[in-house]
Amino acid sequence: MPATGPDFISLQARDLDASQAFYEKYLGLVRSPAGPPHAVVFETTPIAFALREIVPGTDLTSIAHPGIGAAIWLHATDVQNLHDALVADGHTIVSAPTDGPFGRTFTFADPDGYQITLHDRA
């Protein structure tokens, strides 16, 4: 039986509580009541997005850009205001907002250095 497409995205986080707070504060994500104790699953659609404790044997501190080679894009309704809030609080912007085929987009680094792109065209 063939795979039908992506169904779940999970990022390992050095400090699960701090990463959860970051995604809740800046992206407005809401934690789902479902999920194991070692992870935070957010109520996102159409694909579940989660943060989890670091898997034994993984050393995120030795990696400059975790997830290198993978592109993680999230849809948002107010990309420019999200960008401005991140900038105002001193967070790293990897690429400035631009307008293109996916609407307004920009890329930021989360607390662990994952590069996340936001776009506003559904």
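Colleague: Before we start, what should I know about the model and the numbering?
Modeller: It's a predicted model, where local features need pLDDT of at least 70, side-chain atom pairs count only at pLDDT 80 or more, and totals for chains, interfaces and linings use all residues. Residues are numbered from 1 along each chain as its sequence is written, and side-chain values use heavy atoms, with hydrogens and water left out.

Colleague: OK, the sheet. What's the strand order?
Modeller: E4-E7-E6-E5, an open sheet of four strands with mixed pairing. Strands pair if DSSP finds at least two bridges between them; strands (E, at least two residues) and helices (H or I, at least four) are DSSP runs numbered from the N terminus.

Colleague: And which are the edge strands?
Modeller: E4 (72-75) and E5 (93-100), each pairing on one side only. On average, neighbouring strands of this sheet are turned by 20 degrees against each other, direction ignored.

Colleague: How many bridges join E5 to E6?
Modeller: Five, and the two strands run antiparallel, with E6 covering residues 103-109. Thr-98 has Thr-105 in E6 as its bridge partner.

Colleague: What does H1 touch on the sheet?
Modeller: H1 (residues 16-27) packs on the sheet and touches E4, E6 and E7 (115-119), its direction making about 155 degrees with that of E6. Contact means heavy atoms within 4.5 Å. Axes are lines fitted to C-alpha atoms, for helices over the stretch in contact, and angles run from 0 to 180 degrees between N-to-C directions.

Colleague: And H2, what does that one touch?
Modeller: H2 (residues 79-88) touches E5, E6 and E7, and its direction makes about 25 degrees with that of E6.

Colleague: At what angle do H1 and H2 pack?
Modeller: About 130 degrees, with their axes 10 Å apart. That makes H1 oblique to H2, since angles under 35 degrees count as roughly parallel, over 145 as roughly antiparallel, 65 to 115 as roughly perpendicular and the rest as oblique.

Colleague: Which residues meet there?
Modeller: Phe-22, Tyr-26 and Leu-27 in H1 meet Leu-82, Ala-85 and Leu-86 in H2.

Colleague: Switching to pockets: what's the volume of the largest one?
Modeller: About 500 Å³, taken as the space filled by probe spheres set on grid points joined across faces, edges and corners. A pocket is an open set of points on a 1 Å grid over the protein atoms alone, where a 1.4 Å probe fits, with protein on both sides within 12 Å along at least five of seven lines; lining residues have an atom within 4 Å of a point.

Colleague: Which residues lie nearest its centre?
Modeller: Leu-29, Thr-44, Thr-45, Leu-74 and His-75, out of 21 lining residues. E4 gives the most to that lining, with three residues.
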